[in-house]
Amino acid sequence: MSTNPTIARGALLTLALASLTGAAMVPQTASAGAPPGFRIQPVAAGFQGPTAFAYTPDGRVLVAEKSGLVKTVVNGQVAGTFIDLRERVNDYWNRGLLGIAVDPRFA
């Protein structure tokens, strides 16, 4: 049975985002709450309320924050802010930037 690397990376980053927000604070070697064969391992730090992520065709990761910031992650390091939408995002209570998608024609 082969594993789709994009799905595996996505699942790993999802678990990492959960650990960055405090949702799953367990030792890196533990797999509590993770599917068999997975482990929680942060891949980048420095986010304030990460809510979603998407891969660009060139391998970068765009991480959306609840406030409306979208940061770029390259090789496990935050490379900077991709776009700042805070002026247009209502992040009061349970509102905010809750999803992100990359256009298939993204250059």
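Val 73 has Val 78 of strand S4 as its bridge partner. Strands here are DSSP runs of E with at least two residues, numbered from the N terminus. The model is predicted: local features need pLDDT of at least 70, side-chain atom pairs count only at pLDDT 80 or more, and totals for chains, interfaces and linings use all residues. Residues are numbered from 1 along each chain as its sequence is written, and side-chain values use heavy atoms, with hydrogens and water left out.

Strand S3 covers residues 69-74 and strand S4 covers residues 77-84. They pair in the antiparallel sense, over six bridges. Pairing requires at least two DSSP bridges between the strands. Two residues lie between the strands of this hairpin, and Asn 75 adopts a positive phi near 55°.

## Thr 72 in strand S3

Thr 72 sits in strand S3. Its relative accessibility is 8%, so Thr 72 counts as buried. The classes are buried under 20% relative accessible area, exposed over 50%, and partly exposed in between, with a 1.4 Å probe and protein chains only.

Leaving out residues up to four places away in sequence, Thr 72 touches Arg 60, Val 61, Leu 62, Gln 77, Val 78, Ala 79, Gly 80 and Phe 82. Contact means heavy atoms within 4.5 Å.

## Aromatic pairs

In one, the ring centres of Phe 53 and Tyr 55 are 6.0 Å apart and the planes meet at 90°, so the pair is edge-to-face. Rings of Phe, Tyr and Trp (its six-membered ring) pair with centres within 6.5 Å; planes under 30 degrees apart are stacked, over 60 edge-to-face, and the rest tilted. Phe 53 is buried at 19% relative accessibility. Tyr 55 is partly exposed at 22%.

Phe 82 and Phe 106 form a tilted pair, 6.1 Å centre to centre with 50° between the planes. This pair links distant parts of the chain. Phe 82 belongs to strand S4, Phe 106 to the segment after S4, and they are 24 residues apart.

## Thr 56 in the S1–S2 loop

Thr 56 lies in the loop between strand S1 (50-55) and strand S2 (61-65). With a relative accessible area of 5%, Thr 56 is buried. Beyond four places in sequence, Thr 56 touches Leu 62, Val 102 and Phe 106.

The side chains of Thr 56 and Asp 58 make a polar contact at 2.4 Å. Such a contact is a pair of N or O atoms within 3.5 Å; within protein, one must be able to donate a hydrogen and the other to accept it, and residues adjacent in sequence count only if both atoms are side-chain atoms.

Technical notes
Helix = DSSP H or I, 4+ residues; strand = E, 2+ residues; numbered from the N terminus.
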